[in-house]
Amino acid sequence: MGGVHQQFPELAEDLRKSGYIKKLVVGEEQFAKHGMNRNHSNANGLANPRDGHVYIRRHGTLKSPDDQSKLWESDSVRYFQADPAQAALALFIHEAAHQYYFNDPELRDNSRLKTLFAKALGSDAADPLEYFAESFTAAHIHPDVLDERDPEMGDFIRKFLARKGLSQP
């Protein structure tokens, strides 16, 4: 995922320093070898909170650039663009966001994040993990789309990045 180093060097450096991602495993065979197909057959990536591994498949469907589905709908932001190279980078950023969430108690226990998610979804019963990962991805790949669709979440992500010492992409 060399694109992270090129396009988002601060993020790449923070991930390196934090040690949140212990190992990146890429490819369909590796995904299956590590048992990811059994429980996550529809996933193109998976962040494992127990061992810090991130698993990325090489395939995936891309949505069209004119897709205007909500941020919290499946694949709505990370596949917003049609460029496969950018989609792979966005998938990695999405999985990295999961590792931030798993490793940052302020995120996991954040009532503001839960309130933003409930407001966006219209329910308070859902887990904000995917919403955070989608929004974190949007902040890096399509910040204008995030600000248009959910400006409050855009502010939340910018404050999170600032707390981590990262500038807004």
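1. Start with helix α10: M153, G154, F156, I157, F160 and L161 are buried there, buried being under 20% relative accessible area, exposed over 50% and partly exposed in between, with a 1.4 Å probe and protein chains only. These residues cover an arc of only 160° around the axis, which puts them on the same side of α10; the arc is that of the directions from the helix axis to the C-beta atoms. On the other side of α10, K159 and A162 are exposed.

2. A word on the model before going on. It is predicted, so local features need pLDDT of at least 70 and side-chain atom pairs count only at pLDDT 80 or more, while totals for chains, interfaces and linings use all residues. Residues are numbered from 1 along each chain as its sequence is written, and side-chain values use heavy atoms, with hydrogens and water left out.

3. The length of α10 checks out. Helices (H or I, at least four residues) and strands (E, at least two) are DSSP runs, numbered from the N terminus. Just after α10, G165 has a positive phi of about 80°.

4. Now the sheet. Three strands form an open sheet in the order β1-β3-β2, with mixed pairing; two strands pair if DSSP finds at least two bridges between them. β1 (23-26) and β2 (45-47) are the edge strands, each pairing on one side only. On average, neighbouring strands of this sheet are turned by 10° against each other, direction ignored, with axes fitted as lines to C-alpha atoms, for helices over the stretch in contact, and angles running from 0 to 180 degrees between N-to-C directions.

5. Look at the β2 and β3 (residues 53-56) pair: antiparallel, over three bridges. L46 stands opposite Y55 in β3.

6. Leaving aside neighbours within four places in sequence, N48 is in contact (heavy atoms within 4.5 Å) with H53, Y55 and Q99. N48 and H98 are 50 residues apart in sequence and 8.6 Å apart in space, C-alpha to C-alpha.

7. H98 comes up again with H94. H94 lies in helix α5 (residues 84-103) and, at 1% relative accessibility, counts as buried. The side chains of H94 and H98 make a polar contact (3.0 Å), meaning a pair of N or O atoms within 3.5 Å; within protein, one must be able to donate a hydrogen and the other to accept it, and residues adjacent in sequence count only if both atoms are side-chain atoms.
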